[in-house]
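This report goes through parts of a two-chain structure, one topic under each heading. Please look at the sequence and the structure before reading on.

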Amino acid sequence: MKMQSNVVICGVGGQGVLTAGKLLSTAALSEGIQVVMSEIHGLAQRGGAVSVDVRIGNVLGPIVPDGKGDLIIAMEPLEALRVLHRSSRESVFVVNTQKIPPVSLGIAHREYPSIESLVSDLKRRRTVFTVNALELARKTGELRTASTIMVSMASALYDTGITDESFLNAIKRLFPLRYQKANIEAFDLGRKEAAAVVK
Amino acid sequence: MSEIDDMIDPKGNKILLLLGNEAIARGVIEAGVASASTYPGTPSSEVGDVLYRVARKVGMRFEYSVNEKVALEVSFAASTLGLRSFVFMKHVGLNVAADALMSISYSGVKGGLVIMSADDPSMHSSQNEQDNRLYGQLAHIPVIEPSTPQEAKDFIISAFELSERYHIPVLFRTTTRVSHERSAVKTGPVAGIRKSISFDYGKMDFNSLPSLARQHKLNLERKMREIAHDERISLNRMIEREGSWGAITSGVGYSYLTDIIEEYDLPVSVLKLGLTNPLQDNIILDFMRKYNNIIIVEELDPYLETKIRALAQLNSISVKIYGKMDGYFPTDYEYDGNVVLRGVARAMGLKIDEKAPEPAVKVTPRPPVLCPGCPHRASFFIVKRALRMLKIDDAIISSDIGCYSLGALDPFDMGDIIISMGTSVGYSSGMVPEFGKRSVTFIGDSTLFHGGLPGIVNAVKNNAQTTIIVLDNRTTAMTGQQPTPSALDPTYEDDMKEISIESTLKGIGVSKVVEADPYDLKDMLHKVTDCLKTPGVTAIIAKRECAILRDRKIRRVSKIVPYHVIPDKCTGCFRCVTDFSCPAMSIKGNKVVIDAALCDGCGVCAERFVCPYGAIEVDENAE
C-alpha cells in the first residue's frame with residue numbers, strides 16, 4: 001500500500017459518481033485513514049461530465065493535480081478518456097462499459113464510437129480493467145448499485161489499504177436500510193469480478 | 001446513528017466526514033443560532049439542504065427567502081431582537097444583499113449576525129468569479145476565511161463571538177473548494193438557543209438617517225481598529241520552519257501550499273490568516289521582520305497582497321514580496337497544487353523536476369444538459385417552432401439564471417442575453433417602441449420572484465414589446481430543488497402561503513397571461529403563437545413540475561415506464577435527436593434508440609411534433 005492514493009472518479013451526472021466518492025471516503029475514514037474529497041455540484045444536475053477527487057493519506061489539498069491520479073474509476077468509457085491527463089502511465093483504470101452518448105453526437109448525426117475501440121485506445125496507454133457494471137447491478141435488483149460495484153472492483157484491483165469491513169460499515173452508514181442489502185450484494189459482485197479479471 | 005442524527009447530536013465529540021457546507025451547518029447548530037435564512041445558490045446551497053431538514057428539530061427558524069437581500073433583512077430582524085442569526089448565499093447573491101449590508105454595518109447588530117458568501121473561482125456554476133473579501137473592506141466589517149471543513153465549523157462559532165463582542169455583522173467567506181471539500185470534522189457541543197426576544201434598543205440605534213449615520217461611521221471605524229488589535233481572536237496561525245522564507249496565505253491556498261512545502265521539504269514558514277479583514281497588523285509585521293522573502297498565496301484578487309505591500313511600505317520594512325502583482329501567481333480561476341507549485345518554485349528559484357502531465361485527449365464534449373423529461377426542453381422546442389411559424393427572426397432571446405440557461409446551447413440556441421438574476425425581464429423592458437425591437441423572455445418561477453418583478457413592472461409601464469415565458473417547474477431546480485414562493489413548501493406547508501404567478505402578472509397589468517402545460521405541445525404552440533401575435537407585454541406560464549421531483553415521486557410508489565423506438569417505423573430522419581435532443585435518445589446505425597435506463601417516461605417525444613412518423617411508443621414490457 002502506498003502512503004498516499006489519488007483517486008479520480010468520473011462519469012455522467014446521475015450515475016452515482018458522488019455516491020461512489022462518498023463510499024470510498026467514508027470507508028477510508030472508518031479505517032482511520034486521513035481522507036479528503038472534492039465534489040462539484042450545481043449546473044450539471046444530470047447528464048453533464050462530472051468527476052470527484054478522493055485523496056487518501058496525509059494530504060490537505062482537495063484536488064488531485066493533473067498527472068497524479070493513481071486510480072481512475074470511470075463510470076462511462078468516454079469519460080475515462082476525458083480524464084486521461086489526470087493520470088500517469090502507472091495509473092490503473094477501472095472502466096464501466098455502459099455507454100451514454102452525449103447529445104452533441106446526435107445533433108451532429110454521429111454515432112457513439114464502439115466500446116472496443118475506446119477501450120483498446122485506453123489500453124494502449126494505461127492498465128485497464130473493464131466491467132459492465134450496469135448489467136451486473138441488475139442482479140441486485142437495483143440499477144443504482146453500479147457505482148458500488150465499481151468502487152468494490154477498483155479497490156480490489158488497486159490497494160488503497162481499506163478493509164472489506166470498513167467498506168461494509170460505510171455502506172451501512174450511507175445507504176437507507178432498504179438499499180443496504182442490494183449494495184452489500186453489489187460490493188460482493190464487484191470483488192468477485194475483480195478476482196475474475198486478474199485471472 | 002444516521003448522518004442527520006449526528007448532525008444535530010447535542011453532545012458532539014464525534015468525527016464525521018462532512019462537506020465544508022455541512023460543517024458550516026453543524027457550526028451554526030453548535031453556535032445556537034435561532035434564525036437562518038438564504039436564497040439558494042451554488043456553492044452555498046448544501047448549508048440550506050441540511051438546515052431545512054433539521055431546523056425544527058433543533059428549535060431554529062429557517063427560511064428560503066425570496067432573494068438574498070430579503071434573506072439578509074430577515075436575519076437582521078432576528079438580530080435586532082437579540083437572536084443569533086445566520087444568512088448565507090453565493091457570491092453574486094451578496095451583490096443583491098449589498099444595499100442593505102452597507103447600512104447594517106453602520107447601524108450594527110444586537111444578536112450575532114454572520115453573513116456567509118460562497119465564492120466560485122473558476123466559475124463552476126456562476127457567471128463571474130468576483131472576490132467577495134472586498135465587500136468586507138467596502139462595508140467595514142470583519143471577514144473570516146476558513147481553509148478546511150473543520151475550520152469552517154470552528155470559525156462559524158468564532159464569527160458569532162466576534163459579531164456579538166463588537167455588535168458588528170461578520171462576513172464569512174468560503175470558496176467552492178472549501179464549501180465542496182469533504183473531510184473529517186470533529187464536532188463540538190451544541191449551545192442552547194437563546195429564546196428571550198426583545199427590542200429594547202434605543203429607538204434610533206438601527207436608523208440610518210444622515211445625522212445618525214455620521215455617528216455610526218465613526219463607531220464602525222473604532223470597532224474595526226479595536227478588532228485589529230484584539231488578542232482574544234485566535235483565527236490566525238503561524239507554522240514555523242527553519243529558513244528565511246515566509247508565506248502568507250488564506251483559504252484553500254493554505255492546503256495546497258502546505259502539501260508542497262511538505263512534499264519538497266521547503267524552508268518556508270507559513271502565516272495562515274483566518275481573519276482577513278481587518279488584518280491584525282502586528283502579527284503580519286512581526287512575520288515580515290523575521291523573513292526577508294514573503295510569498296503570498298491567495299486565489300483571485302491580490303487582496304492580501306495589496307494590504308501587505310502597503311503595510312511593509314508604511315513601516316519601512318525591507319522585504320521582497322512575491323505575489324500576483326509581480327506575476328508569480330494568476331489572478332484568474334481557482335488554484336490547485338500545480339498552480340501553487342509553479343508560483344512557489346519560480347519565486348524561490350527552485351528547479352523542481354516535474355514530469356509534465358500528458359495533454360488532455362480530444363473527446364466529444366459533454367456539457368450539462370436538460371434532464372430527460374425536463375419540461376423546459378418542451379418549452380424551448382415549442383417557442384422555437386412558433387417563432388419559425390410566424391417568421392419572426394429578429395426577436396432577441398433574453399434568458400435568465402437557472403437550469404434553463406442551458407437552453408442557450410445546441411439545439412435550442414435560446415439565450416442571446418444571460419446576465420444576472422432577473423435581468424431577462426429588465427433587459428426586455430428596454431425593448432421599447434422607440435427602438436422598434438422585440439424580445440422573447442425566459443424566466444424561471446423562482447427567479448421571477450427573486451429579481452424579475454421590478455423588470456416586469458417597468459416593461460408594462462413603458463409599453464415594451466416582449467413575450468415572457470415563465471418556466472414554472474414548481475421549484476428552484478438548479479441548486480437542488482428548494483421551494484419557491486409559488487409552490488407550497490413540502491416541509492413547512494402548514495405555515496406558508498402560495499403566491500400565484502398568474503394573479504401577480506395580471507395585477508401588474510401584463511396584457512395577456514395564459515397558463516399552459518409544456519408537455520401538451522399542441523396547446524402550448526397555440527398559446528405561444530397567440531401571445532407572440534399580441535402587442536405589448538404578454539406572458540405564458542409554462543407550468544409543469546421539475547422532472548427530478550416527478551421522478552422521485554414516481555419511484556416512491558411504482559417505477560418509471562420508458563418509451564422506445566419502433567425500428568420499422570423510424571425513418572432515420574433524426575429530427576428527434578437534432579431538434580428535441582433528449583439525453584436518453586441516440587443514433588444507432590440509421591435508426592434512433594432510447595436508453596430505457598435514462599428515459600423518464602414523460603412521453604413528449606411520442607407526440608407528432610417531435611416524431612411525425614409515430615415511431616415512438618411507450619414500452620410496457622420494459623424491465
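## Helix α4 of chain B

The buried residues of α4(B) are B:E68, B:K69, B:A71, B:L72, B:V74, B:S75, B:F76, B:A78, B:S79 and B:T80. A residue counts as buried if 20 or more other C-beta atoms lie within 10 Å of its own, as exposed if 12 or fewer do, and as partly exposed in between, with C-beta atoms placed from the backbone. By this count ten of the 13 residues of α4(B) are buried, and the helix is mostly covered. These buried residues pack against β2 (35–38), β3 (61–64), β4 (85–90), α5 (91–107) and β5 (113–119) of chain B. Contact here means that the C-beta atoms of two residues, placed from the backbone, lie within 7 Å.

Helix α4(B) covers residues 68–80 and reaches 18 Å from its first C-alpha to its last, close to the expected 18 Å. The expected span is 1.5 Å times one less than the number of residues. Just after α4(B), B:G82 has a positive phi of about 95°. Helices (H or I, at least four residues) and strands (E, at least two) are DSSP runs, numbered from the N terminus.

## How the model is given

This is a predicted model, in which local features need pLDDT of at least 70 and side-chain atom pairs count only at pLDDT 80 or more, while totals for chains, interfaces and linings use all residues. Residues are numbered from 1 along each chain as its sequence is written, and chains are lettered from A and ligands numbered from 1 in the order in which they are written.

## The parallel sheet of chain B

Chain B holds an open sheet of five strands in the order β15-β16-β17-β19-β18, with parallel pairing. Two strands pair if DSSP finds at least two bridges between them. Strands β15 (396–398) and β18 (512–516) of chain B each have a single partner strand, so one side of each is left without a neighbour in the sheet. Neighbouring strands of this sheet are turned by 15° against each other on average, direction ignored. Axes are lines fitted to C-alpha atoms, for helices over the stretch in contact, and angles run from 0 to 180 degrees between N-to-C directions.

Which strands does β16(B) pair with? Three bridges link it in the parallel sense to β15(B), and six join it to β17(B), also parallel. B:V440 of β16(B) is the bridge partner of B:I397 and stands opposite B:T467 in β17(B). Six of the six residues of β16(B) are buried, so this strand is largely enclosed by the rest of the structure. B:S439, B:T441 and B:I443 point one way from the strand, and B:V440, B:F442 and B:G444 the other way. Further along the sheet, β17 (residues 466–472) and β19 (residues 537–543) of chain B run parallel and are joined by seven bridges; there, B:T466 has B:V537 as its partner.

## Helices on this sheet

Helix α14 (residues 375–389) of chain B lies across β16 (439–444), β17 and β19 of chain B, at about 160° to β17(B). Helix α16 (residues 445–461) of chain B also touches β16, β17 and β19 of chain B, and its direction makes about 145° with that of β16(B).

A right-handed β-α-β unit is made by β15(B), helix α15 (residues 423–428) of chain B and β16(B). Another right-handed unit consists of β16(B), α16(B) and β17(B). Right-handed means that, with the strands pointing away from the viewer, the path from the first strand over the helix to the second runs clockwise.

## A sheet with strands from both chains

An open sheet of eight strands has the order β6(A)-β5(A)-β4(A)-β1(A)-β3(A)-β2(A)-β8(B)-β1(B), with mixed pairing. Its edge strands are β6 (127–131) of chain A and β1 (15–19) of chain B. The twist averages 20° from one strand to the next.

β2(A) pairs with strand β8 (residues 181–186) of chain B in the antiparallel sense over three bridges, and A:S38 has B:E181 as its bridge partner there. Four bridges join β2(A) to strand β3 (residues 49–57) of chain A, also antiparallel.

## Contact between the chains

46 residues of chain A are in contact with 48 residues of chain B. The largest share of the chain A side, five residues, comes from α3(A).
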